[in-house]
Amino acid sequence: MVDALVTGGRVLSPAVEDALRAVPRHLFLPGVDVADAYADGAVPVQHVDGAATSSASQPSMVAIMLEQLALRPGLRVLEIGAGTGWNAALMARMVGPAGHVTSVDIDPGLVASAAVHLAAAGTGDVELVCADGALGHPPGAPYDRIVLTVGSADVRPEWVAQLAPAGRLLVPLGVRGSQLSIAFDLGPDGVLRSDSVRGCSFIRLRGIGAERDAVVPLPGGGAVQVPADGPGVDAEAVATVLLDPRDPLTAGAALGYLTLGPQDVWDGFGLWLALTDLAAARLLPTGSGPVAGLDLPVSALVSPPGAEPGLAAAVLAEPRDSGVRTALAVRPFGPAGHPLAVRLLGALRAWWAAGCPGAPAWRITVWPEDGSPPAPGVVTVRTSAHRLLLDLPPVAAAPELRPPGPG
Ligand SMILES: C[S@@+](CC[C@H](N)C(=O)[O-])C[C@H]1O[C@@H](n2cnc3c(N)ncnc32)[C@H](O)[C@@H]1O
């Protein structure tokens, strides 16, 4: 597993590699087949009403986040989302005996089993706490690092208040229906500035910080995720229009040569669309139901509730497991599908002109609500106590358009 993470570029530093090699993941997943424990997948360990409420996170995402955290011996770390305890054990290895890891989970059963796993792995130096991590853990503050391994739509003021000067907050943040793993550094002015941004997909916070972004189940299976600050979505209407496909639109002579892979669609154009158009939605599959036939990942524009029903989905022209980079196809559905598809193509052109930015290109700043006014010309999203500003560095030239082909 670790060899693959190194070769795949997920592990970059000797410290992260050492921790992953030293802490056996299977000890945190008793009862799970060893092959599954060392596959690059999240392993759900708890379900409520059929939905996973806890899992050992996907190893490649864990590696990416450990790199984003930039841990070193002696640091004090607070983790929110102890789960199996695996990530806490990895971090304890990295901060060493001179450092300290406190890990909080809202679920007492999970905290109890994490304690058993940590003991089995010989990691006795993690402090486990059963509490709602939305409030952080004031008794151990200040922390050099606060990391959430659970998704939040908010940058809670409690976390910022519990960071040491120049501390780092790493949070899978829900922004307009997309989730981004953002490492923020706290400046002396109280402003958080992103050091690195990656796409991610985490289970959401339970308790008082439960996310506001709407994930609306579709009748018949699948779900649609829309921005909390958008007009919302009529799930019945979405399920109905998906049964009414119209003629696909091509991207036109020039943009037809914009060749993309699944990652570009989800983290690149999908993120752009979500940030720049409040009608954006992510269609989430379940293997059956109306979304299943769309060969995901799918970003879409959806008519608001009450308007003429329609949906335009951005999909790859070739199946995503074909291994080729392909042009993007725009598939309209329902009576209002065509104008939405034209609007989606306009967004595709704007994304291309901006240099086809993916998640890592975005710079994100978090200002206290009562701080100085933000710079103009950026996407602004409000959270409970902050304004989030999303911004891109200027690009010299849009990427060259090449005919589709392998690669
Ligand atoms: C993806 S799992 C974390 C994986 C874990 N870091 C590991 O290595 O196994 C997310 C965890 O967040 C926990 N969680 C959800 N809401 C929480 C909250 N408000 N406070 C603390 N933990 C929470 C869940 O119970 C779940 O165990």
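Helices (H or I, at least four residues) and strands (E, at least two) are taken here as DSSP runs, numbered from the N terminus. The structure is a predicted model, in which local features need pLDDT of at least 70 and side-chain atom pairs count only at pLDDT 80 or more, while totals for chains, interfaces and linings use all residues. Residues are numbered from 1 along each chain as its sequence is written, and side-chain values use heavy atoms, with hydrogens and water left out.

The protein chain contains 11 helices and 20 strands. Of its 407 residues, 52% are buried, where buried means under 20% relative accessible area, exposed over 50%, and partly exposed in between (1.4 Å probe, protein chains only). The accessible surface of the chain comes to about 16,700 Å², and carbon and sulfur atoms hold 57% of it; such areas come from the Shrake-Rupley method with a 1.4 Å probe, and for residues only the protein chains shown count as cover. Among contacts (heavy atoms within 4.5 Å) with a separation of 6 or more, 61% join residues 24 or more positions apart.

Around it stand 25 residues, of which Ser54, Thr84, Asp105, Gly133 and Arg206 come nearest; a residue is near a molecule or strand if one of its heavy atoms lies within 4 Å of it.

S2 gives the most, with 4 residues. By type, the shell divides into 10 nonpolar, 11 polar and 4 charged residues. In this division Ala, Val, Leu, Ile, Met, Phe, Trp, Tyr, Cys and Pro count as nonpolar, Asp, Glu, Lys and Arg as charged, and the others, Gly among them, as polar.

Helix H5 is largely enclosed by the rest of the structure, because 9 of its 10 residues are buried. Those buried in H5 include Trp86, Leu90, Met91, Met94 and Val95. Just after H5, Gly96 takes a positive phi of about 70°.

Strand S11 (residues 223-226) is covered on both faces, with Ala223 and Gln225 buried on one side and Val224 and Val226 buried on the other. In a regular strand the side chains alternate between the two faces of the sheet. S11 pairs with strand S12 (residues 280-284) in the antiparallel sense over 3 bridges, pairing being assigned if DSSP finds at least two bridges between two strands. Within S12, Leu283 is the bridge partner of Val224.

Some backbone details remain. Ala70, in the loop between helix H4 (59-69) and S3, has a positive phi near 50° although it is a residue other than glycine. Its relative accessibility is 36%, so Ala70 counts as partly exposed. Ala166, in strand S7 (residues 163-175), also is not a glycine and has a positive phi of about 65°. At 60% relative accessibility, Ala166 therefore counts as exposed. Finally, the peptide bond from Ala141 to Pro142 is cis, with omega near 0°, and Pro142 lies in the loop between strand S5 (126-130) and strand S6 (143-148).
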